[in-house]
Amino acid sequence: MPFTFKLSKRLALLKASLAAAAVLAACERPLQIIDPTPPTSSVARVVVTPDTAILDPYQTRQFLAYGRTQAGDSVAVAVGWSASGGTITSGGLYTADTIAGTYQVTATTQVTSSAPAATPSGTTVSGSSQVKNRGPLAQVILTPATASLSLAATVQFAAYGRKKSGDSVPVSVTYSATGGTISAAGLYTAGQTTGPYHVIARQSSGTLADTAAVAISDVPPVNPGTVTDLAVVGVTDTVATLAFTEVNDGTGLPASYDIRFGVAPISWGGSLPSVTRGTCATPVAGSAIGALRKCTVLGLQPSTTYQFQLVAFRGTLNLNAVFGGLSNIAGATTSPSTTSADSAPRPGPTDPIILQDGFESGDLSVWTQNPVNGRYSLSTDPTRVHSGTQSLQVLFTPTNTYSMITRWFMPGYDEVYVKFYVMFEENFDESYGLHFLTMAGNNINDQYSSWGKPAIVPNGTDYFYAGVDPEFINGDAPLKPLHFYTYWPDMTCCYGNRFYQTSPKIPLVGGQWQEVVFHIKLNTPGQYDGSQELWINGVKKISVQNMRWRTTTDLRLNEIRFDDYMSQGPTTEHLWIDDVTVWRP
């Protein structure tokens, strides 16, 4: 687990001036042990990261370990490694074998003579992680399993693999067909003779295959259906959520959709733009005929009346698309801006969007949870959703359990902006402090290079850590303003340094949505021209300039994660996150 350490009662916040807009507190030093030697403080348990790993045969994963003292401090320890299946080196590099199953990777350290009375001197302490080996590929699955089409019509086939464990995985296949032709990408074109035929997808480097039945008739296909119930079901100052019932594409498959919008009134035509931002971005692939589909349109202007319209189609836009009728027009007026006149940055019309998630997809599969322990879920409570119908819910409990949810965008970028909305539960208790948002820099050759680095000063090539957390005063329960918690090569000491908002600070208020915009610019190697800036509700509150994040361009911004960590949880409580956007200028 990255940076999981007790926010000690012994921490000292030594303030010094750094830049006109921020205050840097000297490092926290609950305990400083840098070298991997047996600690002089009692180690109560060993923590192994990652907690869980999913691997295929012969894949490798680097495991790391550190100690946790009775006081809750994280310390470096020397460990021996073992595995119940597969192999692991003395340095913690695990290699999966070919047998599907769930295995344990264990790190063991020797407890020194300073161990507590309950732990006899000379004994060992261990910690484990779980490895799921999905085993070899067991099946190739071709979709759709059946298709009916007319002469010269087309249908797109796709294939995926299924492991012995039951997991679905990508698979490389070659296609063959009768009754027509099929491209390397799986696009089948019917010939000029009616009858029953088939399509075969065969594993490129093996013997597994699957077959789909194709029926070709001389009955001309009908046009796709027409959506008649398009509606705006949610709206904020910059986001609209649409809903409609999916229709047939005319061949018995779900249609795709071209969704367009504009300032009211609108008229369908070449000048009316298609949606390009949000989950309504054209083309929208169909899921199931008759299903209620919801999606979001991002980047709208506050206090503006918009209208929306769509058309169902099959095929490929600007190539061979066949359209249904135009839908009804739906409209709504965006709410006034939630930010002040000193507005935070927004992605411009030509700024590349790295990722967007309003959590409307119905699952969290595009994120990686570590460990998967129920800490992250989707909320549909309208009072806990900023826009649309769902938000990310984060659970805290009175146990010392850690989790995180992360996304990588390798190899990464030199400058990014992050914008999201957060709501803390009313009367949220942060007596023990918490880690919240992290923008991490990993080496382009190792997406995990920032993991497992508590109390380690970055060297300019391995990692950096740019965190946004509420301020912390040990034992003081009320929420405090957001501030920076940063690991970078020029930091003071070994634990993350802190940068605070300029006065007056903007408070975190439980039960209210607040907008957070985080800007990070990496330095040119050899120069001190990096920076980090923070806007709260549209007001710039922290600006740290002249930073040196790295010494090589192989270190880039390439990971966002929302941490769920308190050294102790005083109560069961939640926070919610919505409308996450990461972009680069």
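Predicted model: local features only at pLDDT ≥ 70, side-chain atom pairs only at ≥ 80, totals over all residues.

Q: Where is Asn 427 placed?
A: Asn 427 sits in the loop between strand E35 (415-424) and strand E36 (435-443). Strands (E, at least two residues) and helices (H or I, at least four) are DSSP runs, numbered from the N terminus. Residues are numbered from 1 along each chain as its sequence is written, and side-chain values use heavy atoms, with hydrogens and water left out.

Q: Okay. Is Asn 427 buried or exposed?
A: Asn 427 counts as exposed because its relative accessibility is 76%. The cut-offs are under 20% relative accessible area for buried, over 50% for exposed, and partly exposed in between (1.4 Å probe, protein chains only).

Q: What about its phi?
A: Asn 427 has a positive phi of about 60 degrees, although it is not a glycine. Asn 546 also has a positive phi of about 60 degrees and is not a glycine. Asn 546 is placed in strand E42 (residues 539-547), and it counts as exposed at 61% relative accessibility.

Q: Which strand pairs with E42, and over how many bridges?
A: That's strand E41 (residues 530-536), which pairs with E42 in the antiparallel sense over six bridges. Two strands pair if DSSP finds at least two bridges between them. Gln 532 stands opposite Val 544 in E42. E41 and E42 form a hairpin with two residues between the strands, and there Asn 537 takes a positive phi near 50 degrees.

Q: Let's zoom out. How many helices and strands does the protein chain have?
A: The chain has zero helices and 44 strands. Of its 585 residues, 51% count as buried.

Q: Which residues touch the most other members in the largest nonpolar core?
A: Those are Phe 420, Phe 518, Ile 560, Phe 562 and Ile 577, in a core of 63 residues. A nonpolar core is a set of buried Ala, Val, Leu, Ile, Met, Phe, Trp, Tyr and Cys residues joined through side-chain atoms within 4.5 Å. There's also a second, separate core of 21 residues, which includes Cys 280, Val 284, Cys 295 and Ala 312.

Q: What does Phe 420 touch?
A: Leaving out residues up to four places away in sequence, its contacts include Phe 436, Gln 514, Phe 562 and Ile 577. Contact means heavy atoms within 4.5 Å.

Q: Gln 514 is in that list. Is Gln 514 buried or exposed?
A: Gln 514 is buried, with a relative accessible area of 6%. It is found in strand E40 (residues 514-521).

Q: What does the side chain of Gln 514 reach?
A: The side chain of Gln 514 reaches the backbone oxygen of Pro 507 at 3.0 Å.

Q: And Thr 438, is that one buried or exposed?
A: Thr 438 is buried, with a relative accessible area of 0%, and it lies in strand E36. A polar contact of 3.4 Å joins the side chains of Thr 438 and Tyr 465. A polar contact is a pair of N or O atoms within 3.5 Å; within protein, one must be able to donate a hydrogen and the other to accept it, and residues adjacent in sequence count only if both atoms are side-chain atoms.

Q: How many bridges join E6 to E7?
A: Two bridges join strand E6 (residues 64-69) to E7. Ser 74 in E7 is the bridge partner of Arg 68.
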